[in-house]
Amino acid sequence: MFKRFSSESVSGQSAMKSSQQRAARSKIIAQMPGIEAYAEDFFPKKEKTIMVKCAGHLFILASSGGTPLFFQTRNGEYFPTLRTLHKYPFLLPSLRVDRGAIKHVINGADIMVPGLRSERAVIESEVEAGTPVAIYAESKEHAIAVGIARMSSAEMRINDKGIAVENLHYVSDGLWKCSELS
Amino acid sequence: MSAQPSSSTDVATPSTATELSPQEELPQKPERDPRYPLSVLYCPVCTFPPELHEYHSRTHFEKCKEWLRKNAPQHFPDLFPDECAARLEALRLAEEQGVSLPPTTSDQQDNNQPKVAVPIEQKTSGGKKKKTPAHIVLALGQRKGKKQVTIVYGLDLFGIKLKDAAKAAKRKFATGSSITISPDNRDVIEIQGSRQQDFAQLAHSEWGVPKDVIFIVNAQKKKVKAFP
Ligand SMILES: [Zn+2]
Ligand SMILES: [Zn+2]
């Protein structure tokens, strides 16, 4: 989704109105309950969150300083950026792939069932299809990607093949490299 | 959709207020854990976290190397497998010949004192010496279906606190680790995943457990030396 993302992909940006900001805040809290205690970090009272509009019906919420915090897909769901997730690793349910999958995932490949069924992989959270998830890797501390589950964790355990998680944002993609939007 | 103001004044108790229990004072306000936000180290050369550098191309990696050497030495075994293998081989030879090697730059900070764990004497309540040999034994077990765990026996025999060991395993392997009780009623730690060889190395380097008392239970259920 962000493979070729750069500042060129931005089609417009504006400071959010306080009503928009409140709506985004409560939607994000509803979606990631653990974030509530830290909501001030993302929506400080005296600063305006910036809504960045990008090609492909994509929005990025950025701090007033231009740090991308969350992105929102076409269907309205919010995802933390990887840099946000590294600071607050409890925001998303997690799945841990085996070592062999790392190089593919950080090149943007979707997470395939075998990468989660190896004995060195761990399905750490129970998820339904359609849920935003964080992808971790065997013996690595930090998440390497975020994506959307394409099947439930129960199905990941019994299926032999197929896409388990669609990779939306990964370490090294355009959004990762864009630590500040100008 | 009422935005809850949550300034720090909520927490301060005015001196005139009647004493209330903390729960009554702060109705379901979620509490922050002071650990967050975590501060994560990224390589200033390429933006990757240090632990992912092994997936870089060799040429790119060369550029990051010096920064990594200074700032993330704990990732060396993954990042510099060749260098580390050479160093380990040199250590092994030195050990055989009974000489000590000069520490490498990255070893210096934590190697000021030689660390050697010695088994502590085990006494039964009657005061007699127990017959349990002072060994560290690493076995594999299964949890929740397919999930594999490494069970570490015998740390207590070397005076290593299980809590410290579980923490160290968590930190070094970035995986779950906890203190638990084995079926035969011994205090053990359990590490997620198959970590026998990794933990053997850790026990030796972190607490100076002699290599010849560390054992692994292999696939044939035989107890074999971790460092043959
Ligand atoms: Zn680097
Ligand atoms: Zn690099």
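Predicted model: local features only at pLDDT ≥ 70, side-chain atom pairs only at ≥ 80, totals over all residues.
Okay, let's start with a strand pair: in chain A, strand E10, residues 145-149, runs antiparallel to strand E11, residues 163-170, and the two share 5 bridges.

Now, zoom out to the whole sheet. How many strands form the open sheet in chain A? There are 6, and the order is E7-E11-E10-E9-E6-E8, with mixed pairing. At the edges you have strand E7 (111-112) and strand E8 (122-123) of chain A, and each has a single partner strand, so one side of each has no neighbour in the sheet.

The side chains of A:Glu166 and A:Arg150 come together at 2.5 Å, N to O. A:Glu166 is in strand E11 of chain A, while A:Arg150 is in the loop between E10 and helix H6 (153-158), so this pair links distant parts of the chain, 16 residues apart. How accessible are the two partners? A:Glu166 is partly exposed, with a relative accessible area of 26%, and A:Arg150 also counts as partly exposed, at 45%.

Next one along: A:Arg120 and A:Glu138, another salt bridge, where the closest N and O atoms are 2.4 Å apart. Again the pair links distant parts of the chain, 18 residues apart: A:Arg120 is in the loop between helix H5 (113-117) and E8 of chain A, and A:Glu138 is in the loop between strand E9 (132-137) and E10 of chain A. Is A:Glu138 buried or exposed? At 6% relative accessibility, A:Glu138 is buried, whereas A:Arg120 is partly exposed at 39%.

Over in chain B, B:Asp33 and B:Arg35 form a salt bridge through their side chains at 2.8 Å, N to O. Here B:Asp33 is partly exposed, with 23% relative accessibility, and B:Arg35 is exposed, with 55%. Over all chains, the count of salt bridges comes to 12.

Chain A puts in 32 residues and chain B puts in 29. For chain A and chain B, the buried area is about 2,800 Å², and carbon and sulfur atoms give 57% of that.

What about specific contacts? There are 10 residue pairs in polar contact across the interface of chain A and chain B, and 3 salt bridges cross it. One of those joins B:Glu54 to A:Arg99, side chain to side chain, at 3.2 Å, N to O.

Which helices of chain A supply at least two residues each to the side that touches chain B? Those are helix H1 (18-31), helix H2 (39-42), helix H3 (82-87) and helix H4 (99-105). By residue class, that side of chain A splits into 12 nonpolar, 5 polar and 15 charged.

Elsewhere, salt bridges that share partners tie A:Arg99, A:Lys140 and B:Glu54 into one network. That's what I have, thanks.

Conventions. Residues numbered from 1 in each chain as written. Chains lettered and ligands numbered in written order. Heavy atoms only, no water. Pairing = 2+ DSSP bridges. Helix = DSSP H or I, 4+ residues; strand = E, 2+ residues; numbered from the N terminus. Contact = heavy atoms within 4.5 Å. Buried area = accessible area lost by both parts, 1.4 Å probe. Salt bridge = Lys/Arg side-chain N within 4 Å of Asp/Glu carboxyl O. Polar contact = N/O pair within 3.5 Å; in protein donor to acceptor, adjacent residues only side chain to side chain. Nonpolar A, V, L, I, M, F, W, Y, C, P; charged D, E, K, R; others polar. Buried < 20%, exposed > 50% of the residue type's maximum accessible area, 1.4 Å probe, protein only.
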